[in-house]
Amino acid sequence: MSGTATRYLYLVRHGEASPDESGLTEAGRRQATLLGQRLRDIPFTAVHHGPLPRAEQTARLIGDQLKGVPLHASEVAGDYVPYFPEKDELPAESADFYLRFLADATDEERKHGPALAGQALDLFTGAVDGDQDRHELVVTHNFLVAWLVRDAMHAPEWRWLGLNHCNAALTVIRYTPGRPASVLLSNDMRHLPTELRWTGFPPEPHI
């Protein structure tokens, strides 16, 4: 059944991680705190976060700036490959590049990741029941942000590939009953000073 109220889904890639990915760097902690300050007046019902330390620590630092919003660890908000394309789905000029990128995934990852990605669509997207709009925050990883943006744009399933998000950047998707999803913000970093922007992003020109 279609929902009757609007969902606002706020998606955040974790803050900058230490080289061993055991947690956040000092820059990553600052990024998370500044993002929390930006979001402090949003009436969130929940903060969902992946189970890995870099996502959990980011969520807790954001949560410290919010007003009693519960935090929920979820494997669905974790770090996984959401979809493995076949070669004939991909553009001819980039097919080999993307298939090499995904080649090291195990059979378990190829099964488990897409299953979690399907659950993410069920849990985090679409309008909601009731007469109150819902605001939810998901602190996650680049692949899941890309997967959910791709879905909102009705792009092919493989098109999560090639979408990049910076650490602690903010993406917001609106799901209004009876309307297509709208990407309101994408990779927005206005809460970060220049020296904290673009971490985690590929080494292309930084604007």
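**Notebook: salt bridges, sheet and rings**

I began with Arg54, which counts as buried at 6% relative accessibility. The cut-offs I used are under 20% relative accessible area for buried, over 50% for exposed and partly exposed in between, with a 1.4 Å probe and protein chains only. Salt bridges that share partners join Arg54, Glu21 and Asp79 into one network.

The model is predicted, so I note that local features need pLDDT of at least 70, that side-chain atom pairs count only at pLDDT 80 or more, and that totals for chains, interfaces and linings use all residues. Residues are numbered from 1 along each chain as its sequence is written, and side-chain values use heavy atoms, with hydrogens and water left out.

**Entry: the partners of Arg54**

I looked up the bridge from Arg54 to Asp79 and found the closest N and O atoms 3.0 Å apart. The pair links distant parts of the chain, 25 residues apart: Arg54 is in helix α2 (residues 53–63), and Asp79 is in the loop between β3 (71–73) and α3 (95–102). Helices here are DSSP runs of H or I with at least four residues, strands are runs of E with at least two, and both are numbered from the N terminus. Is Asp79 buried or partly exposed? Asp79 is partly exposed, with a relative accessible area of 40%.

**Entry: other salt bridges**

How many salt bridges does the structure hold? I noted 11, each one a side-chain nitrogen of Lys or Arg within 4 Å of a carboxyl oxygen of Asp or Glu.

I then picked Glu136 and Arg7, whose side chains meet at 2.5 Å, N to O. Glu136 belongs to strand β4 (residues 134–140) and Arg7 to strand β1 (residues 7–13), so distant parts of the chain, 129 residues apart, are linked by this pair. Both Glu136 and Arg7 are buried.

Glu26 and Arg29 form another salt bridge, at 3.0 Å, N to O. Both residues lie in helix α1 (residues 26–39), three residues apart, which is about one turn of the helix. Glu26 is partly exposed at 48% relative accessible area, and Arg29 is partly exposed at 33%.

**Entry: the sheet**

In what order do the six strands stand? I read an open sheet in the order β3-β2-β4-β1-β5-β6, with mixed pairing. Two strands pair if DSSP finds at least two bridges between them. The edges are β3 and β6 (182–188), each with a single partner strand, so one side of each has no neighbour in the sheet. On average, neighbouring strands are turned by 20° against each other, direction ignored.

I checked β2 and β3 in more detail. These two strands run parallel and are joined by three bridges. His48 stands opposite His72, which is in β3.

Helix α1 packs on the sheet and touches β1, β2, β4, β5 (170–175) and β6, where contact means heavy atoms within 4.5 Å. The direction of α1 makes about 35° with that of β5. For such angles, axes are lines fitted to C-alpha atoms, for helices over the stretch in contact, and the angles run from 0 to 180 degrees between N-to-C directions.

Helix α2 lies across β2, β3 and β4 and runs at about 140° to β4. I listed the buried residues of α2, among them Ala55, Leu61 and Ile62. The buried residues of this helix pack against α1, β2 (44–49), β3 and β4.

**Entry: aromatic rings**

I found seven aromatic pairs in the structure. Rings of Phe, Tyr and Trp (its six-membered ring) pair if their centres lie within 6.5 Å; planes under 30 degrees apart are stacked, over 60 edge-to-face, and the rest tilted.

Tyr83 and Trp147 have ring centres 6.4 Å apart and planes at 15°, so this pair is stacked. Tyr83 is in the loop between β3 and α3 and Trp147 is in helix α5 (residues 142–152), so the pair ties together parts 64 residues apart in sequence. Tyr83 is buried at 16% relative accessible area, and Trp147 is buried at 3%.

Trp198 and Phe201 form an edge-to-face pair, 5.1 Å centre to centre with 70° between the planes. Trp198 counts as buried at 17%, whereas Phe201 counts as partly exposed at 22%. I also noted a cluster in which ring pairs link Phe97, Tyr98 and Trp158.

What lies over the face of Trp147? Arg150 does, at 4.2 Å from the ring centre. A charge sits over a ring if NZ of Lys or CZ of Arg is within 6 Å of the ring centre and within 35 degrees of the ring normal.
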